[in-house]
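Me: I would like to go through this structure with you. Could we begin with the terms and then discuss the sheet and helices?

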Amino acid sequence: MRLLHTSDWHLGRSFHGVGMLEAQRNFVDQLVSFVEARSVDVVLIAGDVYDRALPGLDVVKLLDEALVRITQAGANVVLTSGNHDSAIRLGFASRLLERGGVHLRTRIEDLDVPVMLPARTDGQGNPATVAIYGIPFLEPRLVAERLEAPSATHFEVTLAAVERIKADVAQRRVSGPVHPVVLAHTFASGGITSESERDLSIGGLGAVPLDLFEDFTYTALGHLHGRQELAPHVRYSGSPLAYSFSEARHHKGAWLVEIGADGVPDVQEVLWEAPRTLAVLRGKLDDLLGSAEHAWAEAAYCHITLTDAQRPAQAMETLRSRFPDTLVLAFDPEGAEARSKTSYSTRLAEAEDDLGVCCGFLDHVRGRAAGEAEETALREALESVRLEEAEL
């Protein structure tokens, strides 16, 4: 049996103000083609299907189209809700959708209600029944009592959810071999974070230990956007698209999980083609504009940090003459550390005259000294004020 482990679709998300719906539609095209080409049996979506609790109509339509196309391609879909989703809204009509091969696991009551897939056999006729369980994002304060957890922490509520699943697996194994597969939207210790995930708890205390999942045949994790292996059978698929510049070096994809009579003989990486490259550039303005080594970034979404000692005028407009899709501009001027050691009040006290105070203020607030024309205008303004005061 072939499972395609995905998560964190974040349908409806934008990238620094740029809409991503077309890029997400392109990802769905790739996914459906892969399902057809590799005869995938089940597509897993481990939470954060939407980017917000109240997605737009066009976003809901895209998910609807994706689910229809995946099931038409011959695969079931099992999905759970993440911290970005509204579990209630995402879980609407779950019993009806199940008839069409879309299995929603967004409710606490369904933690120990697996999706039971038809038994398969290996070459020797040994059965391999697969039971897929879903652990949605668990907000400790809201679910601790319902799960009878001793305290409202991510560890305790996740442990309580896992224990429910393990009890159900043990009961089912009385009748024959069962391979439990678990979807969980959580932060498991050992995962490497990136900027576009929102913290699951204040202070980073939401991490749960990896060994909670050691008794399952495969655990499909969601929440972290980088595809990674925490253990051979515990993995994050990551998001299908980059949602922050901290993900510029990620290779976006999924995991193709083979399950046989004896467990998981093989897990293969799957790569999605990115619609746009991300570029994180740093340097002086003239160097960035003139260097041939940055030619590849001309068609990329760019995050650029300028290191000029003084902040160039109209920097964004100038950069966009070569890098039209510069979305983020930052400044880290050379010598800034030395300047920061001298407080503004100290520099103000060292000013020789009123003109020095005004020019120093310009330098302080914008990171660039007054130009000749600006200094002339300030000098004339100060002289006008002096003359007015003299007349009084």
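Reply: Contact here means heavy atoms within 4.5 Å. Axes are lines fitted to C-alpha atoms, for helices over the stretch in contact, and angles run from 0 to 180 degrees between N-to-C directions. Helices (H or I, at least four residues) and strands (E, at least two) are DSSP runs, numbered from the N terminus. This is a predicted model, in which local features need pLDDT of at least 70, side-chain atom pairs count only at pLDDT 80 or more, and totals for chains, interfaces and linings use all residues. Residues are numbered from 1 along each chain as its sequence is written, and side-chain values use heavy atoms, with hydrogens and water left out.

Me: Which strands does helix H2 lie across?
Reply: Helix H2 (residues 57–72) lies across E4, E5 and E6 and runs at about 140 degrees to E5.

Me: In what order do the six strands of the open sheet come?
Reply: The order is E6-E5-E4-E1-E13-E14, with mixed pairing. Two strands pair if DSSP finds at least two bridges between them. The edge strands, E6 (102–105) and E14 (263–271), each pair on one side only. From one strand to the next, the twist averages 20 degrees.

Me: How many bridges join E5 to E6?
Reply: Four bridges join E5 (residues 76–80) to E6, and the two run parallel. Val-78 stands opposite His-103 in E6.

Me: And what does helix H1 touch?
Reply: Helix H1 (residues 21–38) packs on the sheet and touches E1 (2–6), E4 (42–46), E13 (253–260) and E14. The direction of H1 makes about 165 degrees with that of E1.

Me: Turning to E16, how many of its residues are buried?
Reply: Six of the six residues of E16 (residues 301–306) are buried, where buried means under 20% relative accessible area, with a 1.4 Å probe and protein chains only. Tyr-301, His-303 and Thr-305 lie on one side, and Cys-302, Ile-304 and Leu-306 on the other.

Me: Which strands are joined to E16 by bridges?
Reply: Six bridges join E15 (residues 278–283) to E16, running parallel. Five bridges join E16 to E17 (residues 326–331), also parallel. Leu-306 stands opposite Phe-331 in E17.

Me: Last topic: how far apart are the end C-alpha atoms of helix H6?
Reply: They are 27 Å apart, which agrees with the 27 Å that the 19 residues of H6 (residues 154–172) should span at 1.5 Å a residue. The expected span is 1.5 Å times one less than the number of residues. Among the buried residues of H6 are His-154, Val-157 and Ile-165.

Note on methods
Buried < 20%, exposed > 50% of the residue type's maximum accessible area, 1.4 Å probe, protein only.
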